[in-house]
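Please look at the structure below together with its sequence. The paragraphs that follow begin at a single residue and then widen to the whole chain.

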Amino acid sequence: MNFTQFGFDDRLMEAIDAAGYEKATPVQEQVIPHILADKDIIASAQTGTGKTAAFLLPLIHKLLTNKHDPHTINALVIVPTRELAIQIAQHLEGFSYFAGISSIAVFGGGDGNAFVQEKKALSLGAEIVVCTPGKMMAHIKMGYVKLGGLKYLVLDEADRMLDMGFFDDIMFIIKHLPAQRQNLLFSATMPPKIRELARKILHHPVEVNISISKPNEKIIQQAFMVFDTQKIPLVQFLLKTKKFNSVLIFCSSKLSVKQLTRDLKRNKVDADEIHSDLEQDKREEVLSNFRSGRLPVLIATDILSRGIDIDSIDLVINFDAPHDGEDYVHRIGRTARAAADGTAYTLISPKEQRKFAAIEKLIGKPVPRGEVPEFLGPVPEYNPIGNRTGQSNRKKSGRQSKGRS
Ligand code: AMP
C-alpha cells in the first residue's frame with residue numbers, strides 16, 4: 001500500500017518522501033486507517049515492523065488538520081526506556097520537519113539543564129511529548145504540566161513497561177489525563193496483564209496483530225551447546241574466525257556484561273558495554289559509537305533487545321539464552337534489518353537447555369547446531385528434559401556431529 005492512499009497532509013508526505021519510505025509496512029497499513037478514524041487500538045507489533053511511524057504519522061496528520069491548541073500537550077507517548085524515547089523523538093523530528101509540530105522527549109538521567117528545559121516545555125505545552133513513566137510522573141507531581149487539552153495517548157512497548165514495574169506510574173499519569181481521548185497501545189506480546197491494562201484504559205479498541213514470533217528468514221542462526229566456562233573462549237573464537245563489522249552481544253546480567261567486556265578487551269577486541277549502571281551520557285556515547293560504526297562490538301543487557309534500531313548489525317550473539325521465544329526473536333531481530341543479511345549465535349549452557357527447547361518450540365523449528373572448536377574440550381550432551389549432568393558429548397575419537405540429539 002502506498003502512503004498516498006492514507007490522504008496525509010502534504011507537509012507530512014514531504015517528510016515521508018524525505019525518509020525514503022515508499023510502501024507502508026503491514027502494521028502501518030492496518031493501524032493507520034483506524035487511528036485516522038479516531039479508534040482506540042491495541043496492536044501486537046514488535047520493533048522492526050515500522051510501528052513507530054504507524055502511530056507518529058497519523059498523529060502528526062491529525063495535529064496538522066484538526067483544530068487544536070498548540071500551547072498544551074496534545075499527544076503523550078509513554079515508552080519504557082530513555083533510549084527508545086530518544087529514538088522516537090528523532091523519528092518525530094524527521095516526520096514533523098515540514099510541519100512545524102513541537103515536541104520534546106522527557107526521560108530520566110539528564111542533568112539540571114535538561115530538567116529546566118523539560119519543565120519549560122511541559123508548562124508552555126509541546127504538541128507531542130515522548131516520555132518515560134517515572135520522569136513524567138515526577139514532573140506531573142510538581143504541578144506545572146499542561147495536560148488538560150490532551151487528545152492522544154500512546155503506550156509503546158507496554159509489555160516491557162509492565163515488566164519493568166511501571167504499572168503504577170502509568171496509572172498515575174493516566175489519572176491526570178482528560179477522560180475523552182484516543183488511546184493507542186502497542187505491545188510485542190499480549191500476556192494477561194496487558195489485556196488487563198487494555199481493559200482499564202482502552203474504549204472498544206480495534207485489535208491488530210502483527211506479531212512475528214518467527215525469526216526473519218534472512219538470519220543465519222546457530223546454537224552452541226557449551227559449558228559456562230567455554231562461553232567466553234567461544235565468543236573470542238567466533239569473533240576471530242569470521243569478519244563481522246558490527247556485533248551486538250546480549251548477556252542476561254550486568255555482571256556477565258562487565259566480565260565479558262573485560263575479557264574481550266584484554267584479548268584486544270574493540271568492545272564496549274552498555275547497561276543500567278552507566279550514566280546516561282556514557283550510555284548515549286557508547287550507543288552513538290556503535291551506531292556510527294566506530295565501535296565494532298557492543299555488549300549489552302536486555303535493555304537493548306527491543307526498541308533500538310540500528311540497521312547495520314551483522315552478528316548478534318546471545319551469550320546467555322534469552323528468557324523466552326519472543327525475547328529470542330527480538331534479540332536476533334537486531335540483525336538482518338533493512339535489506340541486509342545477518343547471523344545470530346546462541347550459547348547454551350546445560351542449565352539453559354530446557355529454556356532453549358521451549359524457544360525452539362515457540363519459533364516452530366530447531367535452530368541448527370554450531371560446531372564448537374575442539375580445542376575448547378568436551379561439550380555437554382543436549383538433553384533438555386532428562387540429563388542435567390552436563391556430561392561430555394564429544395566422542396573420544398574426535399568430532400561429533402552437531403545435529404539434533
Ligand atoms: P520500528 O519498528 O518503528 O522500530 O521501525 C523499524 C525501522 O523501519 C526504522 O528504521 C524505520 O525508519 C523503518 N521504517 C518504518 N516504516 C517504514 C516504511 N514504510 N518503509 C521503509 N522503512 C520504514
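With a relative accessibility of 65%, Glu-22 counts as exposed, a class that requires over 50% relative accessible area, whereas buried means under 20% and partly exposed covers what lies in between, computed with a 1.4 Å probe and protein chains only. The model is a predicted one, in which local features need pLDDT of at least 70 and side-chain atom pairs count only at pLDDT 80 or more, while totals for chains, interfaces and linings use all residues. Residues are numbered from 1 along each chain as its sequence is written, and side-chain values use heavy atoms, with hydrogens and water left out.

Glu-22 sits in the loop that runs between helix 1 (10-19) and helix 2 (26-36); helices (H or I, at least four residues) and strands (E, at least two) are DSSP runs, numbered from the N terminus. If residues up to four places away in sequence are set aside, Glu-22 touches Asn-2 and Phe-3, where contact means heavy atoms within 4.5 Å. The C-alpha atoms of Glu-22 and Asn-2 are 6.6 Å apart in space, although the two residues are 20 residues apart in sequence.

Is Gln-46 buried or exposed? Its relative accessible area is 2%, and Gln-46 is therefore buried. Between Gln-46 and His-330 there are 284 residues of sequence separation, yet their C-alpha atoms are 7.6 Å apart in space.

Along the principal axes, the C-alpha atoms fill a box of roughly 80 × 40 × 40 Å. The domain assignment gives domain 1 (3-209) and domain 2 (219-395), with bounds that come from an automatic or database assignment, and the C-alpha centres of these two domains lie 32 Å apart.

Of the 405 residues in the chain, 57% are buried. Among contacts with a separation of 6 or more, 76% are accounted for by residues 24 or more positions apart.
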